[in-house]
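Hi,

Here is the structure I promised to send over.

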Amino acid sequence: MSDIPFSMVHLLITAFHRLQNKIQSMLINLNPNFVFYDFTYWIPSFTHPIGIKSIGHSIVSAASFAYFIVPSRNIKNDDIETKMKLMNPPPNFPPYSPLKLHFHEVHSIVAFMTRKIGDTNLFFFELSNISMKECDLVAIRTCREIEGPYCDYLEVQYGKPVLLTGPALPDQQNIAIHPLEEKWANWLGGFKPGSVLYCAFGSEWVLRKDQFQELVLGFELTGMPFLVALKPPVGAATVEEVLPTEFEERVSGRGVVYGGWVQ
């Protein structure tokens, strides 16, 4: 999925939707104990009758999931009333959470949430909500130290256990076997431990050019050493071609923007 543009995700969901018969037959033949799934909301309808436990798995942060994809939201259209409500957290949200959205942020999110996905005839919000309502357990790629209150909130909202599956960090033994690439080890070795800012959005998030430039200019303004690992912005082949004018010269020796994997 990380290689598919965000605008084409609905096609992937449609493709899965059309595999229902094959997947049902496969589950009957394999008879596993558990099935992990995400947007294939119809999986529980196959697993429940034959005694297989279904686990709705989300790689989206628990905070985002708790803010948007809970039953109390009931997002059905993208009218102004819906957008105004989404600028504030849902009822009984963790009280000390700083999460609140601006109107322009809500506008783009609601447009996606209320988009009908392929031939499922469901909005993205409905699809995601059904996935979580119908599963036996919820699993989220996060950890309690970072998002504990939001995980507790989701447990209450959906009335079922929430299992935490991440973050997927390498253990010390693997680090010893597969050390950091020499070029990065050498570059980081020029700074005090814990002094370098690191930014990586993963392989699934691609910024617009203006967002990309605003982000790297922000790192420049910190005055601190930094390593930013991002995919090239939309429409660009490399990160270098969209860096702000004379950016590399200004941050030379303390900042790097890299368009590949850091490993």
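How much of the accessible surface of the protein chain belongs to carbon and sulfur atoms? The answer is 57%, out of about 15700 Å² (Shrake-Rupley method, 1.4 Å probe, with only the protein chains shown counting as cover for residues).

Before you read on: this is a predicted model, where local features need pLDDT of at least 70, side-chain atom pairs count only at pLDDT 80 or more, and totals for chains, interfaces and linings use all residues. Residues are numbered from 1 along each chain as its sequence is written, and side-chain values use heavy atoms, leaving out hydrogens and water.

The protein chain has twelve helices and seven strands (DSSP runs numbered from the N terminus: H or I of at least four residues for helices, E of at least two for strands). Its C-alpha atoms fill a box of roughly 60 × 50 × 40 Å along the principal axes.

Of the 263 residues, 38% are buried (under 20% relative accessible area, 1.4 Å probe, protein chains only). The largest nonpolar core has 43 residues (a core being buried Ala, Val, Leu, Ile, Met, Phe, Trp, Tyr and Cys joined through side-chain atoms within 4.5 Å). Helix H4, residues 62-68, gives the most to this core, with six residues. Ile69 is among those with the most contacts inside the core, as are Met113 and Tyr158. Leaving aside residues up to four places away in sequence, Ile69 touches Met113 and Tyr158, along with Ser64, Phe125, Ser128 and Asn129 (contact means heavy atoms within 4.5 Å). A second, separate core of 15 residues includes Leu207, Phe226, Ala236 and Val257.

Cheers

Note on methods
Buried < 20%, exposed > 50% of the residue type's maximum accessible area, 1.4 Å probe, protein only.
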